[in-house]
Structures are given as C-alpha cells and as structure tokens.
Amino acid sequence: MISVVAPVYNEGPGVERFAERMAEVLDGHDYELILIDDGSADDSWSRIASLALLDPRVRGLRLSRNFGKEAALLAGLEQAAGDATVVIDADLQHPPSAIPEMIRRWRAGAQVVEAVKRNRTGQSLSSRLGARVFNRAFTRLTQVDLVDATDFRLLARPALEALLRMPEHSSFFRGTSSWIGFTRETVEVDIEHREGGASRWTARALFRLAVNGLTSFTSAPLHLVTLVGLTFAAFSVVLGVQTLVRWVQGHSVAGFPTVILLLLVTGTFVLLGLGVIGEYLARIHEEVRGRPRYLIRERAGGTLPSPGVPE
Ligand code: UDP
Ligand code: MG
C-alpha cells in the first residue's frame with residue numbers, strides 16, 4: 001500500500017482539486033491519502049472532512065493551531081501505514097505525475113526517492129536566490145546534499161521508521177530524510193506555478209526554517225566565531241605592539257578614525273558571535289523543554305490508529 005502525506009494550510013478549494021489529482025495518478029494502486037490541516041483559518045478542514053466522509057481512502061488530521069509545515073508533515077508521517085509513503089505539497093506545485101515513476105523506482109529497490117527541481121518557475125526571483133544561497137551553504141557545511149532538493153519524496157517503510165526515530169523537536173524534513181541514508185534515487189521534476197494564492201510561507205518562517213536547519217545539522221557557525229575571534233586576536237597583538245612602540249617613541253596619539261573603526265568592527269563581531277551562540281542555546285532550550293511537536297484537535301475518516309505519541 002502507498003501512503004500519501006500532504007500538509008494543508010489555507011488551501012481552500014485546492015484541497016478537492018488535489019485529492020482528485022491523487023485519485024487519478026494513483027488509480028490502480030491501493031493507497032491512503034492523509035491530509036493534515038495545519039490550523040487553517042479558512043474552510044480547508046470542512047473540505048477535508050467531507051472528502052474523508054465520501055472516500056474511505058482519505059483521512060484527515062486537524063492540528064490544534066498552525067504548527068508549521070514541518071510539524072504537520074511529522075504528524076502525517078506518524079500516521080502513515082503504507083509500505084511506501086509519498087510526501088507532497090497540497091498546492092499541486094509538486095507535479096503528481098511524478099508519483100508513478102517514484103513508485104516504479106521504489107519497486108526496483110530504491111528506499112528513498114527524491115524529486116529534484118529541474119526549474120524553479122513557480123517561485124519569485126528573491127526566493128529563488130535565497131533558496132540557492134541557503135542550499136549551497138547547507139550542502140557545503142553539512143555534506144547533506146540539498147542542491148535543488150524539495151520536500152517531495154518517497155520513503156520506503158524502513159526509511160520512514162528510521163526518520164521517525166529522530167527525537168528532534170524542530171525537525172527539518174529535507175535534511176533529516178537525506179541524513180538517514182538508505183538506497184537513494186532522484187527523479188527530476190518541473191515545479192509548477194501556484195494556482196491558489198501565494199506561498200503560505202512568510203519570510204520570517206522561512207528564515208526560522210533556514211536557521212533551524214543549519215543549527216540542527218552543523219556547529220560550523222560556532223567554529224566560525226572562534227576562527228574570527230582568533231584572527232582578531234592576531235591583529236590586536238600587531239596593533240597593540242605598534243601603539244606601544246609609538247607611545248615609547250613619544251609620538252602623539254593620533255588615529256581617531258582607527259579607534260572608531262575598531263570599536264565598530266569589534267562591537268559588531270561580538271554581538272554577531274553572541275547571536276550565533278544564542279541560536280544554539282535557543283535550540284537546546286527548545287529540545288530540553290520537550291513539548292509535543294504538534295497537538296491534534298480532530299480526525300476524520302478511516303479507521304485511524306491511536307495518535308502517534310511523540311516520544
Ligand atoms: N503549509 C503548511 N503549514 C504552513 C505553511 C505551509 O502546512 O505553515 C503547507 C501548504 O499548504 C502547502 C505546503 O505546506 O501544501 C507548501 O507550502 P507553500 O506552497 O506555501 O510553500 P512553497 O511552495 O512556497 O515552498
Ligand atoms: Mg507551494
């Protein structure tokens with residue numbers, strides 16, 4: 001059986017369009033469609049609920065508020081019962097037509113099938129640029145290849161179980177689903193234009209995702225702080241000696257601009273360094289608190305197993 005997990009946030013009528021497309025591409029397969037309503041403010045939930053009522057293959061899960069796509073994905077993945085699970089956006093930007101090919105690859109032995117972007121037509125220039133910079137930096141720092149990666153993936157049962165064993169609270173699906181290893185294959189897809197409205201990600205949420213992703217995968221930024229600190233130390237020895245020598249020689253103390261510049265540079269660096277450390281500290285704080293990663297408000301359809309209890 002194939003499970004399809006799709007997070008839904010204010011997708012409105014897009015929900016039905018999406019479910020129809022899934023029924024089309026998965027025709028002939030035994031499948032379940034798990035739609036997770038991530039605290040939508042529109043009628044997404046009632047649409048999901050009525051879909052689940054009409055079609056026994058559709059199940060709905062409603063989170064108690066907007067927990068973000070990562071948490072919604074996790075909620076869905078914990079419910080997935082299939083031998084293979086496909087994770088896909090509900091906005092039809094991930095072309096469903098690629099699913100049969102992913103299933104073929106899985107049948108041929110792949111345990112993780114990733115869809116990689118051939119183009120980025122569906123995105124604005126700034127988000128393309130941001131994604132590019134982040135993906136390259138991430139790949140370089142962590143050895144987890146994110147270049148052209150998407151969240152559109154198929155995970156075989158063993159890979160999914162490995163993924164769900166990760167205890168992290170602020171998860172980063174794109175990274176963790178690569179980190180687990182297993183036999184991997186990629187298929188190229190064209191990202192479609194978004195039909196229903198604009199991206200549900202705010203710039204702020206995207207920035208948080210980037211920081212979370214980085215801090216959960218590498219401590220390189222911390223080492224960078226150390227490195228810059230050491231460089232500054234070397235400079236300060238040279239400048240210090242020079243200043244002392246001049247003072248001994250009785251030269252008057254000039255160099256007001258130098259003082260200002262040094263103050264600015266050191267001040268900036270000290271604050272940035274603190275910020276980097278703070279980001280890691282915040283993550284530790286979050287993990288230690290150990291709150292549940294999402295809360296379920298309602299379910300619809302299917303014979304749902306008891307809630308996946310987050311460890
Ligand atoms: N989404 C979600 N919670 C959020 C933001 C987005 O569940 O807080 C869902 C959204 O409904 C969609 C998917 O995540 O199915 C991808 O979001 P979107 O298309 O807005 O992002 P983009 O395509 O711009 O990356
Ligand atoms: Mg989208």
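In helix α1, V15, E16 and A19 meet S44, R47, I48 and L51 of helix α2, contact here requiring C-beta atoms, placed from the backbone, within 7 Å. The model is predicted, with local features needing pLDDT of at least 70, side-chain atom pairs counting only at pLDDT 80 or more, and totals for chains, interfaces and linings using all residues. Residues are numbered from 1 along each chain as its sequence is written, while chains are lettered from A and ligands numbered from 1 in the order in which they are written.

Helix α1 spans residues 14-25 and helix α2 residues 44-54; their axes come within 9 Å and cross at roughly 35 degrees. Helices (H or I, at least four residues) and strands (E, at least two) are DSSP runs numbered from the N terminus. Axes are lines fitted to C-alpha atoms, for helices over the stretch in contact, and angles run from 0 to 180 degrees between N-to-C directions. The contact of α1 with α2 contains four nonpolar, one polar and two charged residues; Ala, Val, Leu, Ile, Met, Phe, Trp, Tyr, Cys and Pro count as nonpolar, Asp, Glu, Lys and Arg as charged, and the others, Gly among them, as polar.

From α9, the contact draws on P221, L222, V225, V228 and F232, and from α10 on F269, G273, V276, I277 and Y280. Nine of these residues are nonpolar, one is polar and none is charged.

The UniProt annotation "transmembrane region", from an unreviewed entry, covers residues 224-247 and 259-282; such annotations may be inferred rather than shown by experiment. Residues 224-247 are 100% helix, with end C-alpha atoms 34 Å apart. Residues 259-282 are also 100% helix, and their end C-alpha atoms lie 34 Å apart.

Helix α10 also packs with helix α8 (residues 203-217), at about 85 degrees and with axes 10 Å apart. The two are therefore roughly perpendicular, the term for angles of 65 to 115 degrees. Here V211, T215 and S216 of α8 meet E279, Y280 and R283 of α10.

Note on methods. Two residues are in contact if their C-beta atoms, placed from the backbone, lie within 7 Å. Angles under 35 degrees count as roughly parallel, over 145 as roughly antiparallel, 65 to 115 as roughly perpendicular and the rest as oblique.
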